[in-house]
Amino acid sequence: GPSAALIPAAGSGTRLGRGPKAFVEVAGQSLLARSVHALAPHVDEVLVALPAGTDLPAGLPARAIVGGETRQESVRRLLQATTAERVLVHDAARPFVPEQVVHALLEALADTGAATAALPVADTLVRAGTGQPGLDSGLWGDLVAREDLWAVQTPQAFARALLLAAHDQARSEGHAATDDAGLVARQGVRVRLVPGDARLFKVTTPGDLALAEALAAAWDG
Ligand code: C5P
């Protein structure tokens with residue numbers, strides 16, 4: 001059946017400090033344009049949620065809607081704006097999308113109806129300790145076993161009806177989530193973890209933007 005890429009791009013980009021993040025350019029191309037061009041070849045339509053009062057840049061093969069107050073609300077609006085049977089949800093803030101990850105996600109989707117890109121955690125993980133008041137965030141607390149821990153990325157692939165049901169349920173319960181796969185898993189649905197890619201990192205801080213600039217040189221060839 002038909003498929004759609006849903007791109008939440010309505011964030012304000014506060015931590016980056018360069019205006020709405022999706023419009024920030026890396027090596028001459030916006031984060032949004034990079035995500036749209038990466039996904040368009042794999043789906044029948046691309047839908048983008050933008051901040052109110054902004055427009056889709058000319059020439060992008062996509063349709064725009066106004067996003068919501070939260071990422072969760074932006075995705076819910078995107079889901080309501082399409083009748084596609086399968087959806088790929090992807091953060092505009094992750095501009096480098098390897099084609100093989102998209103292929104692997106679409107394959108896994110056929111299995112369970114839900115799949116996400118994710119990376120096994122490589123670093124040692126520690127919880128910040130409870131030291132003296134005011135120092136809590138700077139002290140070594142308990143180690144967290146990193147075996148079996150994965151860092152969740154996007155794209156994420158879903159049967160649209162399944163994700164919409166998970167969103168409706170979360171909304172009616174006032175449950176807030178940062179991630180769509182988590183909403184679906186909460187419904188008891190099995191979500192396949194598909195090997196992601198370090199290049200799928202989310203551009204959040206000015207330091208991330210410098211990293212993206214460096215990567216773009218190799219990526220754009
Ligand atoms: O803020 P964060 O980087 O976690 O946002 C992840 C993605 O969700 C970004 O692409 C951002 O534009 C999008 N977003 C949205 N609507 C919001 C907040 C964030 O579409 N209200």
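Q: What should I know before I start?
A: The model is predicted, so to speak of a local feature needs pLDDT of at least 70, side-chain atom pairs count only at pLDDT 80 or more, and totals for chains, interfaces and linings use all residues. Residues are numbered from 1 along each chain as its sequence is written.

Q: How many strands does the open sheet have, and what is their order?
A: Strands of a sheet pair through backbone hydrogen bonds, either parallel or antiparallel. Strands (E, at least two residues) and helices (H or I, at least four) are DSSP runs, numbered from the N terminus, and two strands pair if DSSP finds at least two bridges between them. Here seven strands form an open sheet in the order β5-β4-β1-β6-β10-β7-β11, with mixed pairing. Its edge strands, β5 (63–66) and β11 (192–195), each pair on one side only. On average, neighbouring strands are turned by 30 degrees against each other, direction ignored; axes are lines fitted to C-alpha atoms, for helices over the stretch in contact, and angles run from 0 to 180 degrees between N-to-C directions.

Q: Which pairs are parallel or antiparallel?
A: β1 (residues 3–8) and β6 (residues 86–89) are parallel, with four bridges, and A4 has V87 as its bridge partner in β6. β7 and β10 are antiparallel over six bridges, where T116 faces Q156 of β10. β7 also pairs with β11, in the parallel sense over four bridges; there A117 stands opposite V194.

Q: Where do helices α1 and α4 lie on the strands?
A: Contact means that the C-beta atoms of two residues, placed from the backbone, lie within 7 Å. Helix α1 (residues 31–39) packs on the sheet and touches β1, β4 (45–50) and β6, with its direction at about 160 degrees to that of β4. Helix α4 (residues 160–173) lies across β6, β7 (114–120) and β10 (150–159), at about 115 degrees to β10.

Q: Is helix α2 buried or exposed, and what does it pack against?
A: A residue is buried if 20 or more other C-beta atoms, placed from the backbone, lie within 10 Å of its own, exposed if 12 or fewer, and partly exposed in between. Seven of the 10 residues of α2 (residues 71–80) are buried, so this helix is largely enclosed by the rest of the structure. The buried ones are R71, Q72, S74, V75, R76, L78 and L79. They pack against β1, β4, β5, β6, α4 and α5 (180–185).

Q: What surrounds G67?
A: G67 sits in the loop between β5 and α2. It counts as buried because G67 has 24 C-beta neighbours inside 10 Å. Leaving aside neighbours within four places in sequence, its contacts are P8, A10, A49, L50, P51, S74 and R77.

Q: Which residues have the most contacts inside the largest nonpolar core?
A: A nonpolar core is a set of buried Ala, Val, Leu, Ile, Met, Phe, Trp, Tyr and Cys residues joined through C-beta atoms within 7 Å. The largest has 56 residues, and L6, I7, A9, V48, V87 and L105 have the most contacts inside it. Helix α1 gives the largest share, six residues.

Q: Which residues come nearest to the ligand?
A: Being near means that a residue's C-beta atom, placed from the backbone, lies within 6 Å of the molecule. Of the 18 residues around the ligand, P8, A10, G11, S74 and A92 come nearest.
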